[in-house]
Amino acid sequence: MAINVRNEGAKVNSNINVTPMVDVMLVLLIIFMVITPMLQKSMPVNLARTDNPMQMPDADKEDALIVAIQRDGSIFFDTQKVGPEELTNKVKDRLANRVDKRVYVKADARVPYQHILKVLDALHGHSVVLLASSPTSAEKTGIAPPYGIKVAFGGE
C-alpha cells in the first residue's frame with residue numbers, strides 16, 4: 001500500500017492580483033466625479049482679479065448667501081435663476097432669522113456693469129460683499145479662493 005504525499009508548497013501562488021484593487025479605485029473615481037459638482041454651492045463664474053483683496057473665509061461657509069451673475073447677465077441666488085425683483089424678496093426671506101446678514105455677490109469678470117448695478121439695487125439696504133480673486137493665488141494653484149471688497153449699503 002502506497003502513501004500519497006501531497007506537495008502543498010508547489011501550489012502556492014505568489015503573484016499579487018491587482019484586479020480587485022483597480023476595480024475599487026475606478027469605483028471611487030466615478031463616485032468622486034459624480035459628487036464633486038454637487039458640492040458647489042452656487043453657479044460657477046470667472047471672478048474679476050484684484051491686487052489688494054481681503055480674504056473672505058465666510059464666503060466658503062455652507063450657509064453663505066451667494067448671488068452669482070454670469071457673463072450673459074443671468075442672476076442666480078445659490079443655484080436658482082432669479083430676476084432682480086425676485087432677488088429682493090428671496091434675500092429678505094433668507095436673512096430674516098440670521099445673525100450674519102452679509103450677501104456675497106460674485107460676478108463674471110466680463111459681465112457688463114449694468115447687470116451688477118441691477119443686483120446691487122435689488123440688494124439695497126443689505127450688507128453686500130463683492131467677491132474677486134487674487135491674481136497670485138489663482139496663478140499658483142489654479143484655484144481662486146474667495147476674496148472680497150465690502151460695499152456698505154446700510155446693513156452691517
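## Starting from His-115

His-115 is found in helix α3. With a relative accessible area of 15%, His-115 is buried, since the cut-off for that class is under 20%. Leaving aside residues up to four places away in sequence, His-115 touches Ile-69, Asp-72 and Gly-73. Please keep in mind as you read on that this is a predicted model.

## The chain as a whole

Let us step back for a moment. The secondary structure comes to four helices and seven strands, and reading along the sequence gives the pattern α-β-β-β-β-α-β-α-β-α-β. The chain has 156 residues, of which 34% count as buried.

Among the contacts in the chain with a separation of 6 or more, 65% are between residues 24 or more positions apart.

Helix α3 spans residues 113-122, and its buried residues are His-115, Ile-116, Val-119, Leu-120 and Ala-122. These residues lie on the same side of α3, because they cover an arc of only 160° around the axis. An α-helix has 3.6 residues a turn, so residues three or four places apart point the same way. On the other side of α3 you will find Tyr-113, Gln-114 and Asp-121, which are exposed.

What do the buried residues of α3 pack against? Their partners are the strands β2 (65-69), β3 (75-77), β5 (102-107) and β6 (127-132), together with helix α2 (84-95).

In soluble globular proteins, nonpolar side chains tend to be buried together. Here, the largest nonpolar core has 19 residues, and the members that touch the most others are Val-67, Leu-87, Val-119 and Leu-123. At least two residues of this core come from each of β2, β3, α2, β5 and α3. Helix α3 gives the largest share, four residues.

Not counting residues up to four places away in sequence, Leu-87 touches Val-67, Ile-75, Phe-77, Val-82, Val-119, Ala-122 and Leu-123. There is also a second, separate core of seven residues, including Ala-64, Ile-66, Tyr-104 and Val-129.

Is Lys-106 buried or exposed? Lys-106, which lies in strand β5, is buried, with a relative accessible area of 13%. Beyond residues up to four places away in sequence, Lys-106 touches Ser-42, Met-43, Val-45, Leu-47, Ile-66, Val-67, Ala-68, Ile-69 and Leu-131.

Asn-46 sits in the loop between α1 (19-35) and β1 (54-55). Asn-46 is partly exposed, its relative accessible area being 45%. Once residues up to four places away in sequence are set aside, Asn-46 touches Arg-71, Ala-107, Asp-108 and Ala-109.

Two other loops deserve a visit. Asp-78 lies in the loop between β3 and β4 (80-82) and counts as buried at 16% relative accessibility. The phi angle of Asp-78 is near 60°, a positive value in a residue other than glycine. Pro-112 has its place in the loop between β5 and α3 and counts as partly exposed, at 37% relative accessibility. Pro-112 and Gly-73 are 39 residues apart in sequence, with a C-alpha to C-alpha distance of 7.5 Å. Gly-73 is also one of the residues that His-115 touches.

## The second largest pocket

Rolling a probe the size of a water molecule over the atoms shows where empty space is left. About 210 Å³ of space lies in the second largest pocket. Its lining is made up of 15 residues, and those nearest the centre are Ala-48, Ala-107, Ile-116, Leu-130 and Leu-131.

Which elements supply at least two residues of the lining each? They include β5, α3 and β6. As for the classes of residue in the lining of this pocket, eleven are nonpolar, one is polar and three are charged.

Notes: Residues are numbered from 1 along each chain as its sequence is written. This is a predicted model: local features need pLDDT of at least 70, side-chain atom pairs count only at pLDDT 80 or more; totals for chains, interfaces and linings use all residues. Side-chain values use heavy atoms; hydrogens and water are left out. Buried means under 20% relative accessible area, exposed over 50%, partly exposed in between (1.4 Å probe, protein chains only). The arc is that of the directions from the helix axis to the C-beta atoms. Contact means heavy atoms within 4.5 Å. A nonpolar core is a set of buried Ala, Val, Leu, Ile, Met, Phe, Trp, Tyr and Cys residues joined through side-chain atoms within 4.5 Å. On a 1 Å grid over the protein atoms alone, a cavity is a set of points where a 1.4 Å probe fits but cannot get out, and a pocket is an open set with protein on both sides within 12 Å along at least five of seven lines; lining residues have an atom within 4 Å of a point. Grid points are joined across faces, edges and corners, and a volume is the space filled by probe spheres set on the points. Ala, Val, Leu, Ile, Met, Phe, Trp, Tyr, Cys and Pro count as nonpolar, Asp, Glu, Lys and Arg as charged, and the others, Gly among them, as polar.
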